[in-house]
Amino acid sequence: MSSPRFYAFDPRATRIALFVGACVLAVLTAWALADARAEGGVQAMARAGVSAGLMLTFLVSFHRLRPRTGWGVTVDARGVRVARPFSKKELDLHWGQIDHVRRIGRKGSVLALFLKEEGRVLVTRHLFARKAVFDELISALEDRLPPPRFDA
């Protein structure tokens, strides 16, 4: 592998779901505030606070998951560089640190990079815009590090 291959994160479906959820929570917050104002109930005020907090959490997540330059997974001759979904830090792994790679999860929608020193790095399918990009990343990693064989 001579040139680095970059697989960009672009979680469109997740961002759409977060935005729609934030909109629904905005309506629920307004409804709970109107109910609290009309009846003066503590429960309605608590509902408004919880739904407003969830709405803000959804909006922060929506913002943090926006596509950025250099945000994704890079596979090159030295190893694998994985950008963290909610931080600006990157995890730089050399080939010698990675024991094996494997799909995990019920539908195989999570790529697990198992490290030699008892750890793992998970990359989920929902971080990519298309399944084909995720499958291409898995194929590139499995070319370098084949999945382990299990005895029956």
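The model is a predicted one, in which local features need pLDDT of at least 70 and side-chain atom pairs count only at pLDDT 80 or more, while totals for chains, interfaces and linings use all residues. Residues are numbered from 1 along each chain as its sequence is written, and side-chain values use heavy atoms, with hydrogens and water left out.

**Helix α1**
- Helix α1, a DSSP run (H or I, at least four residues), covers residues 12–39 and reaches 40 Å from its first C-alpha to its last, close to the 40 Å expected at 1.5 Å a residue.

**Aromatic rings**
- Phe9, Trp71, Phe128 and Phe134 form one aromatic cluster, where rings pair if their centres lie within 6.5 Å, with planes under 30 degrees apart counted as stacked, over 60 as edge-to-face and the rest as tilted.
- The count comes to four aromatic pairs; in one of them, the ring centres of Phe9 and Trp71 are 5.1 Å apart with planes at 85 degrees, so the pair is edge-to-face.
- Because Phe9 lies in the loop between β1 (5–8) and α1 and Trp71 in the loop between α2 and β2 (72–75), this pair ties together parts that are 62 residues apart in sequence.
- Phe9 is buried, with a relative accessible area of 2%, and Trp71 is buried at 3%.

Key:
Helices (H or I, at least four residues) and strands (E, at least two) are DSSP runs, numbered from the N terminus. The expected span of a helix is 1.5 Å times one less than its number of residues. Rings of Phe, Tyr and Trp (its six-membered ring) pair if their centres lie within 6.5 Å; planes under 30 degrees apart count as stacked, over 60 as edge-to-face and the rest as tilted. Buried means under 20% relative accessible area, exposed over 50%, partly exposed in between (1.4 Å probe, protein chains only).
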